[in-house]
Amino acid sequence: MKIFAYSKALYSTWLYLEPLRLLLDAGEGLNAALEGRLLAFRDIVISHSHTDHFTGLQNILITRLREMDVAQQEMPPLQVIFPEDSSTLWRYFDYLKEVTKPWDELVTLVPAKPGQVVPLQGVRGMHLTVLEANHYVHKQTALAFRIEKERWALRPELEGKPQSEINRIVATEGREAIAVRQFQPLVYYSADTRPVYHDENEGIPLMIHEATFLEPNNKVSHSCLPEVIELFRKQQPRLMLLFHLSTRYEFKEFTKLLEELVPDEEERSRFYIVRPGRVFSMDIPTPGL
Ligand SMILES: [Zn+2]
Ligand SMILES: [Zn+2]
């Protein structure tokens with residue numbers, strides 16, 4: 001899966017999952033880096049209301065408005081998924097409504113809370129499960145997300161039955177009578193958070209996890225690299241993409257600690273890093289996508 005990203009803790013974070021046409025957070029600078037790709041966006045998630053995660057939104061809308069004007073072409077409204085109790089984001093959207101018109105043609109707001117499942121617009125059959133992050137945001141909820149693919153599996157009691165009988169049930173009772181809908185986890189996005197364990201993340205193809213600090217500090221609501229590696233070993237994602245690194249360290253201090261904590265090269269090859277201050281652009285092999 002082709003991923004473009006930029007992330008520097010406190011300053012700006014965004015990740016664009018191109019095949020899903022999905023943007024994870026919308027920090028500053030993404031319009032300059034992604035240019036024409038902004039027009040392909042279909043879904044945007046804003047994890048929480050810290051400014052390094054959402055102030056790039058206005059530029060996306062302005063670029064799309066300009067394109068609609070120049071090309072005289074309609075574009076489907078962007079679905080923007082965000083924490084429903086975020087008064088900060090509601091106020092920001094009120095402002096955007098004033099400066100980007102026609103707002104209703106540009107954006108569909110989807111206020112979300114943990115536990116909710118939101119169908120993605122970009123790819124049929126893809127869903128977003130909304131989770132709660134462990135991050136302090138002035139009494140507003142911070143969200144994390146899991147991207148899941150819908151699939152239909154034959155009901156276990158029908159396994160081994162002749163095809164003619166299954167066809168007969170479909171004809172008389174419909175597809176739901178023979179199949180159950182399942183969700184296959186594909187990508188987990190932690191956003192800003194302390195590490196959180198989720199049963200459903202076991203063996204997930206790709207975990208995108210923040211790793212702000214090198215050393216543990218219980219006073220902050222972020223993760224440090226040793227904790228993230230512990231979570232990696234518990235949950236065993238196939239691959240892990242680290243982002244939201246703090247620039248209080250040199251980048252080589254970060255890679256040195258990673259080498260020390262994960263000495264085995266095969267294990268270490270499962271880690272990717274969004275280096276602060278650079279645009280990350282890589283095709284990450286993600287089964288199911
Ligand atoms: Zn942040
Ligand atoms: Zn934050």
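Author: Grid points are joined across faces, edges and corners, and a volume is the space filled by probe spheres set on the points. A search of the whole structure finds 1 cavity of 30 Å³ or more. This is a predicted model, in which local features need pLDDT of at least 70, side-chain atom pairs count only at pLDDT 80 or more, and totals for chains, interfaces and linings use all residues. Residues are numbered from 1 along each chain as its sequence is written, and side-chain values use heavy atoms, with hydrogens and water left out.

Reader: What lines the largest cavity, and how many of its lining residues are nonpolar?

Author: The largest cavity holds about 40 Å³ of space, and its lining consists of Leu245, Ser246, Tyr249, Glu250, Phe251, Phe254 and Pro276. Ala, Val, Leu, Ile, Met, Phe, Trp, Tyr, Cys and Pro count as nonpolar, Asp, Glu, Lys and Arg as charged, and the others, Gly among them, as polar. By these classes the lining has 5 nonpolar, 1 polar and 1 charged residues.

Reader: Which residues lie nearest the centre of the largest pocket?

Author: They are Ala9, Leu10, Thr212, His222 and His244, out of 13 lining residues. The volume of the largest pocket is about 200 Å³, and its lining divides into 4 nonpolar, 6 polar and 3 charged residues.

Reader: Why is phenylalanine 243 called buried?

Author: Buried means under 20% relative accessible area, exposed over 50%, and partly exposed in between (1.4 Å probe, protein chains only). Phenylalanine 243 has 0% relative accessibility, and therefore counts as buried. Phenylalanine 243 belongs to strand β12 (residues 239-243); helices (H or I, at least four residues) and strands (E, at least two) are DSSP runs, numbered from the N terminus. Its C-alpha atom is separated by 6.0 Å from that of serine 7, 236 residues apart along the chain. Contact means heavy atoms within 4.5 Å, and, not counting residues up to four places away in sequence, phenylalanine 243 touches partners including Ser7, Tyr189, Ile208 and Val274.

Reader: What makes serine 12 buried or exposed?

Author: Serine 12 counts as buried because its relative accessibility is 4%. This residue of strand β2 (residues 12-17) has a side chain that reaches the backbone oxygen of glutamate 28 at 2.8 Å.

Reader: Why is lysine 139 called exposed, and how is glutamine 236 classed?

Author: Lysine 139 has a relative accessible area of 79%, so it is exposed. Glutamine 236, at 35% relative accessibility, therefore counts as partly exposed. Lysine 139 sits in the loop between β8 (126-132) and β9 (143-154), and its phi is near 65°, a positive value in a residue other than glycine. Glutamine 236 is in the loop between α6 (225-235) and β12, with phi near 50°, also positive in a residue other than glycine.

Reader: What kind of peptide bond joins lysine 101 and proline 102?

Author: The bond is cis, with omega about 0°. Proline 102 is placed in the loop between α3 (87-99) and α4 (103-106).

How values were computed
Chains lettered and ligands numbered in written order. Polar contact = N/O pair within 3.5 Å; in protein donor to acceptor, adjacent residues only side chain to side chain. 1 Å grid on protein atoms, 1.4 Å probe; cavity = no way out; pocket = protein on both sides within 12 Å on 5 of 7 lines; lining within 4 Å.
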